[in-house]
Amino acid sequence: MQQKALQDKVAEKFPIVLTSGRLVEYEGGGDETRSNPWLAELQQENFVEINTQDAQKRGIKYWDYVWVKTPTGAEIKVRALVTDRVGPGTSFIPFHFAGWWQGRDLLDRYPEGSAPIVRGEAVNTATTYGYDSVTMMQETKTTLCNIERA
Amino acid sequence: MTRLLRIALAGLALALAAPAAHAQTGRDVPPPAQTQNPNGANPTAGAVTEDQLFRELNKLQGRISIPDGKAAVLEQPQGREWRAFRESWLPWIAGVAILGMAALLAIFYFTRGRIRLEHGEQSGEKILRFNSFERFTHWMVAFCFIVLAISGLNYILGKRLLMPLIGPDAFAAWSQWAKYAHNFLAWPFTLGILFMALVWLRDNIPNRIDVQWIRQGGGFLGDGHPHAERFNAGQKIVFWTVILGGFAMFGTGLLLLFPFSAADINGMQLSQVTHATIGVLLTAAILAHIYIGTLGMEGAYDAMGSGQVDLAWARTHHDLWVEKEQAKTASGPQLRPRATPAE
Amino acid sequence: MARMKFICDAERCIECNGCTTACKNEHEVPWGVNRRRLVTVNDGKPGERSVSMACMHCTDAPCAAVCPVNCFYTTGDAVVLHSKDLCIGCGYCFYACPFGAPQYPRVGNFGSRGKMDKCTYCSGGPEADLSVAEYEKYGSNRLAEGKLPLCAEMCSTKALLAGDGEVIAQIYKTRVITRGYGSGAWGWKTAYRETVAI
């Protein structure tokens, strides 16, 4: 597995580490909190935090739409939050969003009245399917990715 | 005196769109010596203070998670300079420009008097000076302008002059309607300005005859009548004032109608300052135009009233234009009740 | 009478937006109207600080000075309030306000951008205290109930303080002396022409 990744040059094709995490406004998968207008207003779109240097190399400006592509073949469309909060070669996407699938808003699939106010691409669709062999925990928190302007 | 000077400087700074210095009255005492931090890091080493940021930037701007760009501006002290202009300078500019113009016109009226029709200016024959489209355009712009000027001045002088008379509730209701009128009549006004520019531009290009007209004081001061084409130099000045002023009002007004669509907070302040200043000056200029078109000169009103003026009057005031019109055939675009022999 | 003020200790603010959410919920503030907001300066850089900002209830308030219909007034507690019955939604107060406090329900000025809305220091408006009309126009009136603004009361780190200017300045001063640093009382110089001397 390790060897195959080296042979396929995965690290070259996907040079940025992607990690996922929380926002203070939302909880868990975010369905309930994204349905609360007081909270939803504060974070209206899913985004990827990308370092200024990485963004500059890719011609990405603040709040542009970008595609985040990962080795599993997943592609998610999010806003680019160009910031030095993350170091070069690192990126971060909050995991409280769902309701988009590969750039498309699935609003019409929700039963009437059940759609949260804010929907976005779910980062968990882009992280890996593997697990950590020591702790036996599923690995949903990190992967490699590349980010391109949409 | 220093206060006045400061306001003057503030107004100047705004006018030049220069990032004016933030007036600072107090001074922060530097933080005391560092106490030991548990993890050894010095939290103040890289910390920003408001003071320091104001020294580097003219306003404090940051990031905000809501999609509202203007909300990301934390503090903008330029608001104080804008206030100084609006509250200290603008009422004076408006008052002096408008009352000053009224006073000038009154002085002119009482010294020179109404410019009467001279002997032989009433031939009974008429010549079409402005066709119905031109008159429609003129009166559309005129009506809009009067409403815009009154509702515009209401923003500046209303609370000083009108509110004490009618009380805050009635004044607020009136101001609300005045605001709607101001916002909506801006559009027919601009359209009219555009029509004016199209139909009258050709006749308003300055030339050598204008120099002569101005040199002779336009006939206002002496008794002679300098040569003039369709529009004399004075009318050309009015035309260009209205066209340039009108478009400037439209441009700055558009920015105010759609706030923050194309300008940031300082841009909005600058548009308001420009809009208000040009507005009051234009109002003063139009007062003179209204005076000369009605009270100031006998016979002039007919041109925009019925559109037809007396041929003899036209010969006196726009001799070159009459010659040109009459050189055209009788079946030409200008209507005449009787064919008049060319001179 | 107390002289009510806000102070935001940027050293303590963790940008949790608890204050903005508390405000929205307490007064049923509609989407797009942000009486209180959180701005992060120097984002991602050393020295990053977040400041919670709303109406500072200035001494000699610029909004009140420029209002063409004089709809502002200052209460005995030095809180700057306004009358939505008089407001014509011209937007001038936003151009004058150093803190971006005035908010409008609609974005454009074409037709109407609606009556201005801003932080009331949780003390309603010109209507009778605790009346339904007051709540509908301005939100709840906690001050009339003897309570301080909810944003400060709910602040999880007590970064945002509300209350009598002298009392909160003393609290802030004690903090700065105890921990040895502070980035200053944000907005005080602009709003009150004074600062917390340490």
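Modeller: Let's start at H57(C), which counts as buried, with a relative accessibility of 0%. Buried means under 20% relative accessible area, exposed over 50%, and partly exposed in between (1.4 Å probe, protein chains only).

Colleague: Before we go on, what kind of model is this?

Modeller: This is a predicted model, in which local features need pLDDT of at least 70 and side-chain atom pairs count only at pLDDT 80 or more, while totals for chains, interfaces and linings use all residues. Residues are numbered from 1 along each chain as its sequence is written, chains are lettered from A and ligands numbered from 1 in the order in which they are written, and side-chain values use heavy atoms, with hydrogens and water left out.

Colleague: Thanks! What is the phi of H57(C)?

Modeller: As a general idea, most residues other than glycine have a negative phi. In this case, phi of H57(C) is near 55°, a positive value. H57(C) sits in the loop between β3 (49–53) and α2 (62–66) of chain C. Helices (H or I, at least four residues) and strands (E, at least two) are DSSP runs, numbered from the N terminus.

Colleague: And where does Y121(C) lie?

Modeller: Y121(C) is in the loop between α3 (92–96) and α4 (132–138) of chain C. Its phi is also positive, near 55°, and Y121(C) is buried at 0% relative accessible area.

Colleague: Is Q170(C) buried or partly exposed?

Modeller: Q170(C) is partly exposed, at 45% relative accessible area. This residue belongs to helix α6 (residues 165–179) of chain C.

Colleague: Now the interfaces. How much area do chain B and chain C bury between them?

Modeller: The size of an interface is often given as the accessible area lost when the parts come together. Here, buried area is the accessible area (1.4 Å probe) that two parts lose on being put together, summed over both. Chain B and chain C bury about 5400 Å², with 57% of it on carbon and sulfur atoms. The contact (heavy atoms within 4.5 Å) takes 65 residues from chain B and 62 from chain C.

Colleague: How many salt bridges are counted between chain B and chain C?

Modeller: A salt bridge is a side-chain nitrogen of Lys or Arg within 4 Å of a carboxyl oxygen of Asp or Glu. The count between these two chains is two. R63(B) and D43(C) meet in a salt bridge, at 2.9 Å from N to O.

Colleague: What about chain C and chain A: how many residues are in contact?

Modeller: There, 17 residues of chain C touch 14 residues of chain A. The area buried between chain C and chain A is about 1200 Å², and carbon and sulfur atoms give 55% of it. In chain C, T21(C), W31(C) and D43(C) lose the most area to chain A, together 44% of what that side buries.

Colleague: Which residue of chain C forms a salt bridge with E41(A)?

Modeller: The partner is K24(C), with the closest N and O atoms 2.2 Å apart.

Colleague: Finally, how many helices and strands has chain B?

Modeller: Chain B has twelve helices and four strands, and 46% of its 343 residues count as buried.
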